[in-house]
Amino acid sequence: MGSHTTINPSTDYTAIKAKQNAAWGAGDYSKVGVTLQITGEELAEAMDINADAKVLDVAAGNGNATLAFARRFCNVTSTDYVSELLEASGTRAKAEGLYVNYKVADAEDLPFTDQSFDAVVSTFGVMFTPNQQQAAAELQRVVKPGGKIGMANWTPESFIGQLFKTIGKHVPPPAGVSSPALWGNREWLEEAFGATCQISSFQHKTFLFRYRSAEHFLEYFRAFYGPMQKAFEALDEVGQTALRNDIMTLIETFDISTNGSLCISSEYAEVIAVRH
């Protein structure tokens, strides 16, 4: 796994993050993100955190984990580098009468002192940072000794892991950036977190993407999921058709529906690590 974690000093992470920020700000990710709410609830249950604990949600998006922990009376600070996503989360929190502290922040450079939080969490968020080693180090830096780090990350073999791979075939990722799905690989996690943490739980779970049809899923993601929208925009008409065909084939592979609509099974890793 070492070959996956080599950091190229010439990689311009600032430029990459600016492009990523634009991609996540495109479309309306909250319309996709909200469908994943159950994964935040399951992580909150699995972590079994005390009420009143200080919890930091990193790369929180539209707030699935944020709201799950706030519902359990934790003191949640919710961060993302896309302010529009935090605003969407804030609207949800207000509708439920939940208090959450929101802060625009870069997962690779968190604006908090060492050992500030009882727990640090991220659901399908921090895995998308370009400088993965730095992001992993930051999660470990801000959690207290004995505190927990909890994550939900797509695995390389999952539908979403394979979707990244499919898109990457048509629109190659920036040089020096590894697949986000590394965060769903236990060996990589042991390497990135093992020096300061014990991985106390690593569970393979399944999320089901439920849509009307394969066409509905693809059009929905093209409209609202910024990274897919940007991938299609980067291609000419022939390239777009080829990408569309490859995605439709992939959907067919992972569709387990028995009722005529679409049900895509996508594996993810629910990870809990305890800081020494």
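This report describes the confidence, sheet, helices and aromatic contacts of one predicted protein model.

## Confidence of the model

The structure is a predicted model. Its average pLDDT is 95, and 97% of the residues reach a score of at least 70. Residues 1-7 fall below 50 in pLDDT, and this stretch makes 14 contacts in the model beyond near neighbours in sequence. Where pLDDT is low, the predicted coordinates should not be read in detail.

## The sheet

Seven strands make up an open sheet, arranged in the order β3-β2-β1-β4-β5-β7-β6 with mixed pairing. At its edges stand β3 (101-104) and β6, each of which pairs on one side only. From one strand to the next, the twist averages 20 degrees.

Within this sheet, β5 (residues 143-154) and β7 (residues 262-275) are antiparallel partners, joined over seven bridges. Lys 148 is placed opposite Val 274 of β7. In general, the strands of a sheet pair through backbone hydrogen bonds, in either a parallel or an antiparallel manner.

## Helices on the sheet

Helix α5 (residues 83-96) lies across β2 (75-80) and β3, and its direction is at about 170 degrees to that of β3. Helix α9 packs on the sheet through contacts with β6 and β7, at an angle of about 115 degrees to β6.

Ala 95 belongs to helix α5. Its relative accessibility is 70%, so Ala 95 counts as exposed. Between the C-alpha atoms of Ala 95 and Leu 250 the distance is 37 Å, and the two residues are 155 positions apart in sequence.

## A mostly covered helix

Helix α4 (residues 64-71) is mostly covered, with seven of its eight residues buried. The buried residues of α4 are Asn 64, Ala 65, Thr 66, Leu 67, Ala 68, Phe 69 and Ala 70. After α4 comes Phe 73, which has a positive phi near 65 degrees.

## Aromatic pairs

The structure contains 25 aromatic pairs. One of them joins Trp 24 and Tyr 225: the ring centres are 5.5 Å apart and the planes meet at 85 degrees, so the pair is classed as edge-to-face. This pair connects distant parts of the chain, as Trp 24 lies in helix α1 (residues 13-25) and Tyr 225 in the loop between α9 (214-224) and α10 (226-233), 201 residues apart. Trp 24 is buried, at a relative accessibility of 13%. Tyr 225 is buried as well, with a relative accessible area of 9%.

A further pair is formed by Phe 209 and Phe 221, with ring centres 6.2 Å apart and planes at 70 degrees; because that angle is over 60 degrees, the pair is edge-to-face. Phe 209 lies in strand β6 (residues 197-211) and Phe 221 in helix α9, and 12 residues separate them. The relative accessibility of Phe 209 is 3%, which means that Phe 209 counts as buried. Phe 221, at 2% relative accessible area, is buried.

## Charges over rings

Two side chains place a charged group over an aromatic ring. The charged end of Lys 54 is positioned over the ring of Phe 117, at 5.4 Å from the ring centre. Arg 222 lies over the face of Phe 232, where the distance to the ring centre is 4.0 Å.

Definitions and conventions:
Residues numbered from 1 in each chain as written. Predicted model: local features only at pLDDT ≥ 70, side-chain atom pairs only at ≥ 80, totals over all residues. Heavy atoms only, no water. Phe/Tyr/Trp six-rings, centres within 6.5 Å; stacked < 30°, edge-to-face > 60°. Helix = DSSP H or I, 4+ residues; strand = E, 2+ residues; numbered from the N terminus. Buried < 20%, exposed > 50% of the residue type's maximum accessible area, 1.4 Å probe, protein only. Lys NZ or Arg CZ within 6 Å of the ring centre and 35° of its normal. Pairing = 2+ DSSP bridges. Axes fitted to C-alpha atoms, helices over the stretch in contact; angles between N-to-C directions. Contact = heavy atoms within 4.5 Å. pLDDT = per-residue confidence, 0-100.
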